[in-house]
Amino acid sequence: MRLDKFLSQQLGISRALIARELRAKRVTVDGEVVKNGAHKLTPEQEVAFDGQVLEQIHGPRYFMLHKPEGYVCSTDDPDHSTILYFIEEPLAEKLHAAGRLDLDTTGLVLLTDDGQWSHRITSPRHQCDKTYLVTLEHPLADDTAEQFAQGVQLHGEKDLTKPATLEQLDANVVRLTISEGRYHQVKRMFAAVGNRVVELHRERIGNIVLDEDLEPGEYRPLTEEEIASVGLPAELLAKD
């Protein structure tokens, strides 16, 4: 990558301004002042601006975040804090959520700058399972699991939801697994059967489970196995 392009991305300023900073001898590569913006960087070189090392990014990045309540999953929002508040990575603003959660929903969020990878999570064609821990306002009705297995009619939609799996943990607490990502789907599914979600927490996306060691607001990189699991056919995953 050209030095001026790298600096523009890292510092968030135009290449014209980068040229000025280069002429002012504020940039070093491997400890040597470089004033030529066309200088080609190699992955091993260390770039610093005013003595502050700027980390080069090689290849796509993948993280899991334990999202707390009160944050939105967009990269920019005029009214609410975004999940990027928690991400201490270079060019964090280039990351996006692979499957968003509502403001009041907690749990697993996957962040990446790999658009094809996130598409395999969010595309209806791939039917990536997602599991939620759900706290309900009213005790679970006896026939709700059967209704969800058959599909329910959401308000304002023509097609029934795809079959979903419901496991009752307590009178008002259930674990729900769905394979779609319709707007506010979990809340609307319970509304369709006369109940209301009061707490919602995502535990799993595909074969990636929220790390129990992560406190709300904490994150970590995904393992190679977790990254590779996205998009693999179920029969291949079963062989691992």
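Which residues gather in a patch of negative charge on the surface? That is the topic of the first close-up. This is a predicted model, in which local features need pLDDT of at least 70 and side-chain atom pairs count only at pLDDT 80 or more, while totals for chains, interfaces and linings use all residues. Residues are numbered from 1 along each chain as its sequence is written, and side-chain values use heavy atoms, with hydrogens and water left out.

**View 1. A patch of negative charge sits on the surface.** Its members are Glu 212, Asp 213, Glu 215 and Glu 218. To join such a patch, a residue needs over 30% relative accessible area and no salt bridge, and like charges are joined within 9 Å. Areas come from the Shrake-Rupley method with a 1.4 Å probe. Asp and Glu count as negative, and the charge is placed at CG of Asp or CD of Glu. Asp 213 belongs to the loop between strand S12 (208-209) and strand S13 (219-221); strands here are DSSP runs of E with at least two residues, and helices are runs of H or I with at least four. With 60% relative accessibility, Asp 213 is exposed (exposed means over 50%, buried under 20%, partly exposed in between).

**View 2. Strand S7 has several partners.** All 7 of the 7 residues in S7 (residues 106-112) are buried. Strand S5 (residues 62-67) runs antiparallel to S7, with 6 bridges between them (two strands pair if DSSP finds at least two bridges). Look for Leu 65 opposite Val 109 in this pairing. Strand S6 (residues 96-97) is also antiparallel to S7, joined by 2 bridges, and there Ala 97 partners Leu 111. Strand S11 (residues 197-205) pairs with S7 in the parallel sense over 2 bridges, with Thr 106 opposite His 201.

**View 3. An open sheet holds 4 strands.** The order is S2-S1-S3-S4, and the pairing is antiparallel. Strand S2 (32-33) and strand S4 (52-54) are the edges, each pairing on one side only. Between strand S3 (residues 47-49) and S4 there are 3 bridges, and Val 47 has Leu 54 as its bridge partner.

**View 4. S9 and S10 make a hairpin.** There are 4 residues between the two strands. Strand S9 (residues 165-168) and strand S10 (residues 173-178) are antiparallel, with 4 bridges. Leu 166 is paired with Leu 176 in S10.

**View 5. Salt bridges join charged side chains.** The model has 16 of them, counted when a side-chain nitrogen of Lys or Arg is within 4 Å of a carboxyl oxygen of Asp or Glu. Glu 137 meets Arg 196 with the closest N and O atoms 3.3 Å apart. Glu 137 is in the loop between strand S8 (130-136) and helix H4 (144-150), and Arg 196 in the loop between helix H5 (185-192) and S11, so this pair ties together parts 59 residues apart in sequence. In another pair, Arg 188 and Glu 157 come to 2.9 Å, linking helix H5 to the loop between H4 and S9, 31 residues apart. Arg 188 is buried at 19%, whereas Glu 157 is partly exposed at 27%.

**View 6. Arg 220 and Asp 211 meet in a salt bridge.** The N to O distance is 2.8 Å. Arg 220 is buried at 18% relative accessibility, and Asp 211 is buried at 19%.

Definitions and conventions:
Patch = residues over 30% accessible without salt bridge, like charges linked within 9 Å, V, L, I, M, F, W, Y side chains within 5 Å. Buried < 20%, exposed > 50% of the residue type's maximum accessible area, 1.4 Å probe, protein only.
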